[in-house]
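Please keep the model in view while reading.

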Amino acid sequence: MVRKTGDAARSESSWHWNRTAETQRNLLEAATAVFCERGFTDASIADVVARAGSSVGSLYHHFGGKTELFLALWDDYQNEHERVVAAAVAKARKSGEHDPLALFTIGSQSYFDYTWKHRKLERVFIEGDTPPGFEVVRRERGREWVRQNSVLLRASGDTLGRLTVAVVTDIITVAGHEVAMSSNKRQATEVMEAAVILLGRLTPHAKGEATVG
């Protein structure tokens with residue numbers, strides 16, 4: 001047997017990686033459509049692979065099953081959410097904005113915009129038809145989000161600082177759910193604006209020495 005080396009081996013490895021990534025992406029996109037239409041309980045593996053033009057074996061190979069596929073979809077959605085928000089904050093910093101609360105508000109607006117754009121999928125995650133253990137995963141992700149917001153807001157580590165970050169994170173979380181459940185863009189925009197007002201009311205507290213370093 002001749003072993004492939006050099007450029008040929010790298011090219012083949014790259015082809016397999018791209019093929020795997022493409023298959024996974026197709027399955028996730030199909031899962032998005034199926035879960036949005038039927039919810040988790042009523043969706044089936046057969047529905048997903050038919051939509052993806054794939055096979056049951058391929059889905060189990062890449063994800064392990066329906067629950068794992070749902071969790072992978074959640075993780076993919078959250079990662080893209082974070083990427084979009086981070087890009088908005090980075091762009092604002094590059095333009096000269098360095099106030100922590102202003103950056104947090106800009107990031108929050110980006111979060112709301114993305115949530116509205118993908119509101120059908122957001123509803124899948126918040127309406128309760130989810131696999132066992134999902135709430136644990138959601139809470140763990142929520143704690144990580146609080147930690148990231150603490151860094152962005154330059155919050156102190158005392159009780160007031162930690163509580164302030166938890167409260168503003170909850171405001172964004174609840175407002176995001178309301179945005180996803182809004183019946184039209186006008187209603188969603190009203191929710192976004194109300195959330196920004198609430199954040200503004202916290203400004204005097206967040207700028208205190210006990211909260212922001």
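How are H7 and H8 oriented to each other? The model is predicted, and in it helix H7 (residues 134–152) and helix H8 (residues 159–181) pack at an angle of about 125°. Angles of 65 to 115 degrees count as roughly perpendicular and those over 145 as roughly antiparallel; H7 and H8 are therefore oblique to each other.

**The packing of H7 and H8**
- The axes of H7 and H8 lie 9 Å apart, and H7 passes H8 in a right-handed crossing.
- On the H7 side, the contact is made by Arg138, Trp145, Val146, Asn149 and Ser150.
- H8 contributes Val165, Thr169, Ile172, Thr173 and His177 to this contact.
- Sorted by class, the contact of H7 with H8 holds four nonpolar, five polar and one charged residues.

**The protein as a whole**
- The protein has ten helices and zero strands.
- Of its 213 residues, 36% count as buried.
- The accessible surface of the protein is about 12300 Å², and carbon and sulfur atoms account for 54% of that surface.
- Among contacts between residues at least 6 apart in sequence, 70% join residues at least 24 apart.

**A buried serine**
- Ser110 belongs to helix H5 (residues 100–117).
- Buried means under 20% relative accessible area; Ser110 counts as buried because its relative accessibility is 12%.
- Leaving aside residues up to four places away in sequence, Ser110 touches Val84, Val85 and Ala88.

Technical notes
Residues numbered from 1 in each chain as written. Predicted model: local features only at pLDDT ≥ 70, side-chain atom pairs only at ≥ 80, totals over all residues. Heavy atoms only, no water. Helix = DSSP H or I, 4+ residues; strand = E, 2+ residues; numbered from the N terminus. Buried < 20%, exposed > 50% of the residue type's maximum accessible area, 1.4 Å probe, protein only. Contact = heavy atoms within 4.5 Å. Areas by Shrake-Rupley, 256 points an atom, 1.4 Å probe, with all protein chains shown as cover. Axes fitted to C-alpha atoms, helices over the stretch in contact; angles between N-to-C directions. Parallel < 35°, antiparallel > 145°, perpendicular 65-115°, else oblique. Left-handed = near helix turned anticlockwise from the far one by under 90°. Nonpolar A, V, L, I, M, F, W, Y, C, P; charged D, E, K, R; others polar.
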